[in-house]
Amino acid sequence: MTIKRIFCDMDGTLLNSQGRLTDSNAKLISQANLPFTLVSARAPMEMKEAVDKLELTGPQIGFNGGLIYTYKQNQIKILHQQALERNDSTYLVNFINQHFPHLSQSYYDLENWYTYKMDNGIDYEQQLTRLEATIIGEEQYLKVQTSIFKIMLITFDGNEMRALKAKLEELNLPNVSIQQAGDFYLEITHKKAKKSVGIDYIIKEEKLHKKELVAFGDGHNDLPMFERVGLSIAMENASQAIKDKVSLITKTNDEDGVGYGIHHFLL
């Protein structure tokens with residue numbers, strides 16, 4: 001089998017439970033010398049540590065497909081982007097602040113992560129990504145004076161998460177996607193910001209064929225990605241519902257499962 005590109009989710013897949021790409025996993029991936037694209041809900045700034053460690057120069061997919069980019073001389077070169085519509089982002093930021101004022105809330109533009117208050121959710125995310133949020137005044141935050149790729153809401157209360165998700169879905173905003181990521185995160189992006197859209201863009205640009213592609217993932221939002229490739233590989237830590245829909249299963253994200261899977265199944 002000739003593999004021309006690997007697409008790989010980050011959290012729960014490439015990264016271990018502490019949110020880190022281990023040296024041993026990075027070494028295995030680099031040794032394979034196969035084109036490798038990260039596909040993540042993360043912002044480019046949160047992906048850069050892995051991009052640098054793997055010395056990736058090709059296209060990467062951030063914000064769940066809202067941004068396709070490369071790094072050139074430490075600068076982001078945008079290949080394709082789909083930020084939230086400005087009226088949608090302004091409306092949502094103000095709606096969330098009004099109805100869920102105590103909720104951990106923040107948003108991302110191309111190069112910054114903004115919030116107006118420090119709380120347990122922001123602290124949790126800072127520890128996970130080792131990045132610091134840019135704290136601005138509440139009035140400035142609510143005005144939304146930048147193009148937002150993702151609104152991120154964090155709650156450790158399952159009941160609040162369900163209420164939040166239901167309330168936002170009731171708005172029926174046609175150009176907005178609302179997705180829960182793991183137990184604690186609710187992420188809002190443009191409806192066209194999908195992992196599959198990012199992959200389709202790269203497939204078209206590089207004239208790739210499905211049988212030449214491989215994907216690693218662990219979650220429900222990876223299923224559209226799996227459908228685009230010839231060989232889908234789930235992590236052992238994925239739910240059974242995900243495992244039932246893939247070609248192969250590799251070791252867990254805490255056992256260098258991506259590096260192991262590449263060497264065990266592809267080489």
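Lys and Arg are counted here as positive and Asp and Glu as negative, with His and the chain ends left out. On this basis, the protein chain of the predicted model carries 29 positive and 35 negative side chains. The centres of the two sets are separated by 7 Å.

The secondary structure of the protein chain consists of 11 helices and 14 strands. The C-alpha trace spans about 55 × 40 × 35 Å along its principal axes. The radius of gyration of the protein chain is 18 Å, in agreement with the value near 18 Å that a compact globule of 267 residues would have. Of the contacts between residues at least 6 apart in sequence, 58% connect residues at least 24 apart.

An accessible surface of about 12,400 Å² was computed for the protein chain, and carbon and sulfur atoms account for 46% of this area. Of the 267 residues, 54% count as buried.

Thr 37 was examined individually. This residue lies in strand β2, which covers residues 36-38. Its relative accessible area is 0%, and Thr 37 is therefore classed as buried, the cut-off being under 20%. When residues up to four places away in sequence are not counted, Thr 37 touches Arg 5, Ile 6, Phe 7 and Cys 8, together with Pro 59, Gln 60 and Ile 61. Ile 202 is also among the residues that Thr 37 touches.

Key. Residues are numbered from 1 along each chain as its sequence is written. This is a predicted model: local features need pLDDT of at least 70, side-chain atom pairs count only at pLDDT 80 or more; totals for chains, interfaces and linings use all residues. Side-chain values use heavy atoms; hydrogens and water are left out. Helices (H or I, at least four residues) and strands (E, at least two) are DSSP runs, numbered from the N terminus. Buried means under 20% relative accessible area, exposed over 50%, partly exposed in between (1.4 Å probe, protein chains only). Contact means heavy atoms within 4.5 Å. The radius of gyration is taken over C-alpha atoms; the globule rule is 2.2 Å times the number of residues to the power 0.38. Accessible areas come from the Shrake-Rupley method with a 1.4 Å probe; for residues, only the protein chains shown count as cover. The place of a charge is taken as NZ of Lys, CZ of Arg, CG of Asp or CD of Glu.
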